[in-house]
Amino acid sequence: MRHGESTWNHERRIQGQLDPPLSDRGHDQAHELAERLAGTGISAVYSSDLSRTRQTAEPLTELIGLEPQVLPSLREVALGAWEGKTREQLVAEYPAEWERWSASPSWDVVPGGEGTGPFRARVEEVIGSLLERPAAGDVVVITHGGVIQVALAMVVGQSLHGLFPYLIDNGSISVLQRSGERTVITAVNDTCHLS
């Protein structure tokens, strides 16, 4: 699941690994997610350590009586000098980089950022380890849009260079289903629970 709307999502600021809280709308989305998933046989909840994901997890974990397991490796990509800035600020302060980003989006363009290779390796490692853990029911992972992009690309064997092919809305659910050695995608960006 992608976290609910944060105050910076609302302001259209780049978040990366900075830590704004959920907006009022984000709290509503977290409660709507919890209501949708309550009673579905969840055996574990994992969350990034950033506030927006932990706050998204709270209503669900209260309803089902499970403490979320916090994993810093589920954090969003580090976006270096761009974190906290709006698009207008990026255009003004980083015109060459913004032009490159606009022509072919890549985390490698961002000054001081984590970069595509290290981010993808981090996400593939944590998602791979979660898929290997035995579970008696569904496992919920509350994370960030970039992490979900990488997880989906990992399943289909797709490169992310120059393309972020999936729309991942705040408060959405995407589902990876593991059966033996095979993982399939059964849902992407499901928001039918959101008002």
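How much space lies in the largest pocket? The answer is about 1,100 Å³, in a predicted model where local features need pLDDT of at least 70, side-chain atom pairs count only at pLDDT 80 or more, and totals for chains, interfaces and linings use all residues. Residues are numbered from 1 along each chain as its sequence is written, and side-chain values use heavy atoms, with hydrogens and water left out.

A pocket here is an open set of points on a 1 Å grid over the protein atoms alone, where a 1.4 Å probe fits and protein lies on both sides within 12 Å along at least five of seven lines; lining residues have an atom within 4 Å of a point. Volume is the space filled by probe spheres set on the points, which are joined across faces, edges and corners.

The largest pocket has a lining of 32 residues, with Arg2, Asn9, Arg13, Ile14 and Trp101 nearest its centre. At least two lining residues come from each of α1 (7-11), α4 (87-93), α5 (95-103) and α7 (145-156); helices (H or I, at least four residues) and strands (E, at least two) are DSSP runs numbered from the N terminus. The lining comprises 13 nonpolar, 10 polar and nine charged residues, where Ala, Val, Leu, Ile, Met, Phe, Trp, Tyr, Cys and Pro count as nonpolar, Asp, Glu, Lys and Arg as charged, and the others, Gly among them, as polar.

Turning to the second largest pocket, its volume is about 820 Å³. Val139, Val140, Ser174, Val175 and Leu176 are the closest to its centre among its 27 lining residues. Two or more of the lining residues come from each of α2 (24-37), α6 (116-132), β3 (138-142), α7 and β4 (173-179), and β4 gives the largest share, six residues. By class, this lining holds 17 nonpolar, six polar and four charged residues.

Helix α2 also packs in the interior. Gly26, Gln29, Ala30, Glu32, Leu33, Ala34 and Leu37 of α2 are buried (under 20% relative accessible area, 1.4 Å probe, protein chains only). These buried residues pack against β1, α3, β3 and β4, with contact meaning heavy atoms within 4.5 Å. Just after α2, glycine 39 has a positive phi of about 80°.

Helix α3 has its own buried set: Ser51, Arg52, Thr53, Thr56, Ala57, Pro59, Leu60 and Thr61. Their cover includes α2, β1 (42-47) and β3. Just after α3, glycine 65 adopts a positive phi of about 75°.

Conventions: Buried means under 20% relative accessible area, exposed over 50%, partly exposed in between (1.4 Å probe, protein chains only).
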